[in-house]
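Please look at the sequence and the structure below before reading on.

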Amino acid sequence: VIYTTESAFNSALQAGSYTEDFSGVSGSGVLTGINSLPFSGSGISYTIATSTDVFYLNTIDGRSLATAQQGASMIITLSTPNITAIGGNFSSTDDTESIIADSFLLTLSDGTTSSLNSPAGGPSTFRGFSTSGGTFITSLTIDGAGIGYSTINNLTVGFAAVPEPSV
């Protein structure tokens with residue numbers, strides 16, 4: 001299932017999900033020589049890597065993690081098994097940390113894709129995914145279209161709620 005609102009996505013989660021707002025990442029601006037960052041909380045762990053050798057921390061929607069090269073990809077690799085839900089706020093930003101009009105593609109490990117358009121001036125665009133029937137999420141790739149920096153914040157990872165059987 002693909003969610004376009006954070007509230008619908010959050011209501012479809014089991015208790016115990018983990019939301020990362022990147023406030024705990026030390027530094028600011030360009031993080032040179034860092035192409036992979038580990039995150040963990042609520043028993044969930046993952047790594048975010050970039051296709052280049054740098055990240056950028058900006059102040060979009062509080063604090064966001066971005067690629068430091070235009071058009072670069074970010075790959076979220078989940079270490080925790082059996083994850084069935086992932087979502088966050090996605091945007092494309094420019095050198096002044098402003099959200100710009102751009103498009104990019106989100107791709108799950110099972111091949112599910114969602115195209116997003118980042119509106120000029122913002123806000124960032126929410127997108128969430130959940131799986132069922134034994135399909136688990138092991139990664140999410142954010143592919144930028146080339147004119148902006150792929151940016152993410154408030155990344156939530158967890159488990160989709162199992163619906164009650166009908167009687």
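Leaving aside residues up to four places away in sequence, Ile-86 is in contact (heavy atoms within 4.5 Å) with Phe-9, Ile-76, Leu-78, Leu-108, Arg-127, Gly-128, Phe-129, Ile-137, Leu-140, Leu-155, Thr-156 and Val-157. The model is predicted, and local features need pLDDT of at least 70, side-chain atom pairs count only at pLDDT 80 or more, while totals for chains, interfaces and linings use all residues. Residues are numbered from 1 along each chain as its sequence is written, and side-chain values use heavy atoms, with hydrogens and water left out.

A nonpolar core is a set of buried Ala, Val, Leu, Ile, Met, Phe, Trp, Tyr and Cys residues joined through side-chain atoms within 4.5 Å, where buried means under 20% relative accessible area with a 1.4 Å probe, protein chains only. The largest such core has 29 residues, and Ile-86 is one of those that touch the most other members, together with Tyr-46, Ile-48, Leu-65, Ile-76, Ile-152 and Leu-155. Among the elements that give two or more residues to this core are β5, β8 and β13; these strands are DSSP runs of E, at least two residues long, numbered from the N terminus.

Two strands pair if DSSP finds at least two bridges between them, and the table gives two such pairs.

| Strands | Sense | Bridges |
|---|---|---|
| β5 (residues 44-50) and β8 (residues 73-78) | antiparallel | five bridges |
| β8 and β13 (residues 139-144) | antiparallel | five bridges |

Within these pairs, Thr-50 has Met-74 of β8 as its bridge partner, and Ser-73 stands opposite Asp-143 in β13.

Terms used: Helix = DSSP H or I, 4+ residues; strand = E, 2+ residues; numbered from the N terminus. Buried < 20%, exposed > 50% of the residue type's maximum accessible area, 1.4 Å probe, protein only.
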